[in-house]
Amino acid sequence: MKRSLFILLFLVPGVASAFIPQAYVSIAREYDIPPAVLYAVALVESEHPAYKRPWPWAANIDGESVYFNTRDDMYKALMKAKDEGKGFAAGTMQMRWYWHHQRFNTLWDATNPYENIRAGAAYLSELFRESRSWDVAVSNYHTRDDKEVASKYREKVKQRLLMVLAGKR
């Protein structure tokens, strides 16, 4: 019988949380998400190549990943992308503006790391409530339209999850 790696989180919740920044732990608990799952998703979405941590000022603009030095720099680039009609995702949780703009009062709010994590947590929690499966929720966080892409994404999250559980991220 195939078992989900996500089941491990319920066996070792304290150990997993010890390696996760407090903001993720607190927000994950607000939304009844295992903190390691939320953090692993953030790592896949916005991990800075040089720092190996989720980057609050990461963006994807028309398919190009960009890591800004400041919130202001990211905001200016996102406003420009919005004005030019380009698609973009913002922040630690890479919330796609087209689909998730209603989760924020303004684009500036989407660039707030805590608000961005909360929006991603709310979405992930909604996906879990629909499916009652962390495997499905994580897959659908990335895409519902392409099962192969969703499966590859889920495997990336599981790899990061193992790193988190081992204290390597």
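Q: Let's start with strand pairing. How many bridges join strand S1 to strand S3, and which way do the two run?
A: Happy to begin there. Strands of a sheet pair through backbone hydrogen bonds, in either a parallel or an antiparallel manner. In this predicted model, strand S1 (residues 58-61) and strand S3 (residues 88-90) are antiparallel and are joined by three bridges. To place one of them on the structure, pick Ala-59, whose bridge partner in S3 is Ala-90.

Q: At what angle do helix H4 and helix H8 pack?
A: For a helix pair, look at the angle, the axis distance, the handedness and the residues that meet. Helix H4 (residues 35-46) packs against helix H8 (residues 113-131) at about 115°, and their axes are 11 Å apart. The crossing of H4 past H8 is right-handed. On the H4 side, Val-37, Leu-38 and Val-41 meet Ile-117, Ala-121 and Leu-124 of H8.

Q: Is Asp-135 buried or exposed?
A: Check the relative accessible area, where buried means under 20%. Asp-135, which lies in helix H9 (residues 134-142), has a value of 18% and is therefore buried. Its side chain makes a polar contact with the side chain of Lys-158, at 3.1 Å.

Q: And how does Ser-26 count by relative accessibility?
A: Ser-26 belongs to helix H3 (residues 22-30). Its relative accessibility is 33%, so Ser-26 counts as partly exposed.

Q: What share of the contacts links residues 24 or more positions apart?
A: Here we step back to the whole protein. Among contacts with a separation of 6 or more, 53% are between residues 24 or more positions apart. Of the 169 residues, 49% count as buried.

Q: Finally, what does the accessible surface of the protein come to?
A: Look at the total, then at the atoms behind it. The accessible surface is about 9,100 Å², and carbon and sulfur atoms account for 51% of that.

Key: Residues are numbered from 1 along each chain as its sequence is written. This is a predicted model: local features need pLDDT of at least 70, side-chain atom pairs count only at pLDDT 80 or more; totals for chains, interfaces and linings use all residues. Side-chain values use heavy atoms; hydrogens and water are left out. Two strands pair if DSSP finds at least two bridges between them. Helices (H or I, at least four residues) and strands (E, at least two) are DSSP runs, numbered from the N terminus. Buried means under 20% relative accessible area, exposed over 50%, partly exposed in between (1.4 Å probe, protein chains only). Contact means heavy atoms within 4.5 Å. Accessible areas come from the Shrake-Rupley method with a 1.4 Å probe; for residues, only the protein chains shown count as cover. A polar contact is a pair of N or O atoms within 3.5 Å; within protein, one must be able to donate a hydrogen and the other to accept it, and residues adjacent in sequence count only if both atoms are side-chain atoms. Axes are lines fitted to C-alpha atoms, for helices over the stretch in contact, and angles run from 0 to 180 degrees between N-to-C directions. A crossing is left-handed if the near helix is turned anticlockwise from the far one by less than a right angle, and right-handed if clockwise.
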